[in-house]
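Please examine the following model together with its sequence. The paragraphs below it begin with a single residue and then widen to the whole fold.

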Amino acid sequence: MISGRTMEKQYLENFYARSENEIVVLYGQENVGKTSLIRQFCKEKDFFYYLARPCSEKEQIYLFGCELKEALPPGSDESDSCSGIWSRMLSVKAEKRVIVIDEFQNIVKNSPAFMQEIVRTARDKWSNQPVLFILCSSSVYWVENLMVKKLGEAAYEISGLLKINELKFLDIVRKFKKYKLPGCVETYAILGGIPGFWEFWDDSVTVRENVCG
């Protein structure tokens, strides 16, 4: 289990366990551990992951479609539109599919139809299987201040909103077990609660050696 993320993973598991289709927005600053949490949550589940780029709607659909063709078995070529992407993805039978769209604000900003298609798919009780949409973003300001206005009525269809915060001091104590308390205090003062930075830190050497290293 990811250190310090037990409650966040259980939050996602609760939505996954529901029989209905769900839409969850997961957000937090870069390197805070969103991708690691998603990777752990999706383990042994039927899932599809797509990282949205800051590009035009046409190019986004093309890139999405290309990755979809690589991830799924051969089938009809329907991945040339938003609706076609979801139709193609859900054409493959699964107990429940998890669809992760990372940095989804890059799509929403340039494609008004994107969220409407997700809502339409989530409302469709006759699809081949239930689906859990996880929309991720590292743009905290956009999610907290601009997202609802941009999504309009589609925002009411969001089932859950989960902010991934920095980890606590106790988590760094658990992570760097070779350090005594003063070393952990110094490390936390330098790295903060951003686990993405922790991966470059080695507790087999001193704090000074890590900094100067």
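Which side chain of opposite charge is nearest to Glu-103, and how many Å away is it? The model under discussion is a predicted one. In this model, the nearest oppositely charged side chain is that of Lys-34, at 5.4 Å. A salt bridge requires a side-chain nitrogen of Lys or Arg within 4 Å of a carboxyl oxygen of Asp or Glu. Glu-103 has no salt bridge, although this residue is buried.

The side chain of Glu-103 does have a polar contact, at 2.8 Å, with the side chain of Gln-105. Leaving aside residues up to four places away in sequence, Glu-103 touches Leu-51, Ala-52, Cys-136, Ser-137 and Ser-138.

The next subject is the protein as a whole. Its secondary structure consists of eleven helices and five strands. Along the principal axes, the C-alpha atoms fill a box of roughly 60 × 30 × 30 Å. The protein has 213 residues, of which 46% count as buried. Among contacts with a separation of 6 or more, 70% come from residues 24 or more positions apart.

The five strands form an open sheet with parallel pairing, in the order E2-E3-E4-E1-E5. At its edges are strand E2 (46-51) and strand E5 (160-163), each of which pairs on one side only. From one strand to the next, the twist averages 15°. In general, strands of a sheet pair through backbone hydrogen bonds, in either a parallel or an antiparallel manner.

The individual pairings may now be followed through the sheet. Strand E3, residues 97-102, is joined in the parallel sense to strand E4, residues 131-137, over five bridges. Within this pair, Arg-97 stands opposite Val-131, and Ile-99 stands opposite Phe-133. E4 also runs parallel to E1, to which six bridges join it. E1 in turn runs parallel to E5, with four bridges between them. Val-25 has a bridge partner in each of these two strands: Leu-135 in E4 and Leu-161 in E5.

Helix H3, residues 57-71, lies across E2 and E3 and runs at about 145° to E2. Helix H6, residues 113-123, packs on the sheet and touches strand E1 (22-27), E3 and E4. The direction of H6 makes about 155° with that of E4.

How do the side chains of E4 and E5 point, and which of them are buried? In a regular strand, side chains alternate between the two faces of the sheet. In E4, Val-131, Phe-133, Leu-135 and Ser-137 point one way, while Leu-132, Ile-134 and Cys-136 point the other way, and all are buried. Because seven of the seven residues of E4 are buried, this strand is largely enclosed by the rest of the structure.

Methods:
Residues numbered from 1 in each chain as written. Predicted model: local features only at pLDDT ≥ 70, side-chain atom pairs only at ≥ 80, totals over all residues. Heavy atoms only, no water. Pairing = 2+ DSSP bridges. Axes fitted to C-alpha atoms, helices over the stretch in contact; angles between N-to-C directions. Contact = heavy atoms within 4.5 Å. Buried < 20%, exposed > 50% of the residue type's maximum accessible area, 1.4 Å probe, protein only. Lys, Arg positive; Asp, Glu negative; His and termini not counted. Polar contact = N/O pair within 3.5 Å; in protein donor to acceptor, adjacent residues only side chain to side chain.
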